[in-house]
Structure formats: structure tokens, C-alpha cells
Amino acid sequence: MDLTNENNQVSLSGRVLEDPLFSHELFGEAFYRFELAVPRLSGVEDVLPVTVSGRLLPCLPNAGDELLVFGQLRSYNMQTERANRLLVTVFAKSISQRRSETEGYMNEIMLTGYICKPPVYRTTPFSREIADMLLAVNRPYHKSDYLPVIAWGRNARFVGGLEVGDRLHITGRVQSRHYQKALPDGTVLERIAYEVSAATVSFDEPSSAFDEG
């Protein structure tokens, strides 16, 4: 039984910011891309890229539509003039209209994968613990997605002690984050990072789970 589809599950609800644009065509199938604004409880919005097949819908969504999106978080390598860039997008498996305005917005992700780079643990200037890791998540046809994950507090301490090859189960949300990248020639680029903010991190054993805090 192929469980790779269960390794990577994303559930989102939010507002379409702009009409979808054509992204690419693969084996005669057209794909489109749009941005979905998903509010947090704090009121801040995560603006997340969504890729969808034109065959999935009778018609594409419009700017302002409220949608439910279920799918997977995918990564792709893009060659630029300076270097390779890891592109992260939500690959939609199903899309429907969000009909209830009384329900809260949804942003949930569940991943199972392997650490493929040594985790980096550090503290912020405000003494908050944080750890970064890159998780390799298998999908069908012998492919993998390489997804950046960020952990906080006790989760960060736990992640900081892990090793390449450790297999983890993670739940959390997908977030967007603005940052600046300085180039050797002094140019500063404005970038947006898309990453998983972990709420729980565990090995296969349930007793290994840590809550965010």
C-alpha cells in the first residue's frame, strides 16, 4: 500500500488575492497559480502560493473568492542567473468555495519525513529559542519534496539535538515571512520565505511528541 500521499497533507481556507495566472504546462495539462491570504488569530495574514490544475475546476477562482484548499506542500528547484532557488507551493488536490463566514480560517499541515540537513538551533535577540531544519518528504514516483521547517521553544531544543536521517512526524501551519538577502555586490533583495511552523514534533513513538512552547 502506497502511503506517500499520507506523508504530506495541507488544509487551508482563505481569500484569493488576485485572479489566477498561467504557470506552466506539463504533458498537455495547464497549471495555474494564485495567492491565498489566510488570516492568523493575531490578524496577520499568511499569503501562500497555490498551484492548481486547470482540469481540477470547471472554472478558475476569481480575486476575492473565499476558498477551501486541500492538497500537499511541494518544492521545486528553479535555476536563476545567480544560483538555484527552492520554490515552495501548495499543490491543490481539491478546491471548493468556503461557504460559512462564521467559521474561523484554517491553516493545517501534517508531514512525515526525514531530516536531510543538520538542524540549526539559535536564540533570537529577545532570547526566544528557534531551530531550522529541512525535511525530505517522499511522494509517489520516487520523488521527494524538501520542505523548510521552523520550530520554537521546547520544540527548538528537541530539534536541535536531532540528526540527519531521523524520521519525524510534524503538525503545524504553513507561513509566509518577508526577509532581505544581501548579495556580494551590495545589492539587497526583498524575498518571501514559505515554511512550516511546527506545533508538534515527534519520532514514530507518540511519547516523543513535544508541544509548541
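Modeller: Strands here are DSSP runs of E, at least two residues long, and they are numbered from the N terminus. On that count, Asn8 belongs to strand 1, which covers residues 8–16. Keep in mind that this is a predicted model.

Let's stay with Asn8 for a moment. Its relative accessibility is 2%, so Asn8 counts as buried. A polar atom of the Asn8 side chain sits 2.7 Å from the backbone oxygen of Leu73. Beyond its sequence neighbours within four places, Asn8 is in contact with residues including Gly71, Gln72, Leu73, Met110 and Asp145.

As a general point, nonpolar side chains in soluble globular proteins tend to be buried together. Leu73 also contacts, among others, Val10, Val88, Val90, Ile109 and Val196.

Now the charges. A search of the whole structure turns up 9 salt bridges. One of them joins Glu29 and Arg55, with the closest N and O atoms 4.0 Å apart. Glu29 is in strand 3 while Arg55 is in the loop between strand 4 and strand 5, so this pair ties together parts 26 residues apart in sequence. Arg55 is exposed at 61% relative accessibility, and Glu29 is partly exposed at 21%.

Another pair is Arg173 with Asp46, at 3.4 Å from N to O. Arg173 lies in strand 11 and Asp46 in strand 4, so the bridge ties together parts that are 127 residues apart in sequence. Asp46 is buried, with a relative accessibility of 1%, whereas Arg173 is partly exposed at 24%. Arg40 comes in here too: Arg40, Asp46 and Arg173 are linked in a network of salt bridges.

Then there's Arg157 with Glu129, whose closest N and O atoms are 2.8 Å apart. Arg157 is in helix 1 (residues 153–160) and Glu129 in strand 9, so that pair ties together parts 28 residues apart in sequence. Glu129 is buried at 18% relative accessible area, and Arg157 is partly exposed at 48%.

One last thing, on the loops. Most residues other than glycine have a negative phi. Phe27, in the loop between strand 2 and strand 3, has a positive phi near 50°. Tyr141, in the loop between strand 9 and strand 10, has a positive phi near 65°. Phe27 is exposed at 79% relative accessibility, and Tyr141 is exposed at 74%.

Conventions: Residues are numbered from 1 along each chain as its sequence is written. This is a predicted model: local features need pLDDT of at least 70, side-chain atom pairs count only at pLDDT 80 or more; totals for chains, interfaces and linings use all residues. Side-chain values use heavy atoms; hydrogens and water are left out. Helices (H or I, at least four residues) and strands (E, at least two) are DSSP runs, numbered from the N terminus. Buried means under 20% relative accessible area, exposed over 50%, partly exposed in between (1.4 Å probe, protein chains only). A polar contact is a pair of N or O atoms within 3.5 Å; within protein, one must be able to donate a hydrogen and the other to accept it, and residues adjacent in sequence count only if both atoms are side-chain atoms. Contact means heavy atoms within 4.5 Å. A salt bridge is a side-chain nitrogen of Lys or Arg within 4 Å of a carboxyl oxygen of Asp or Glu.
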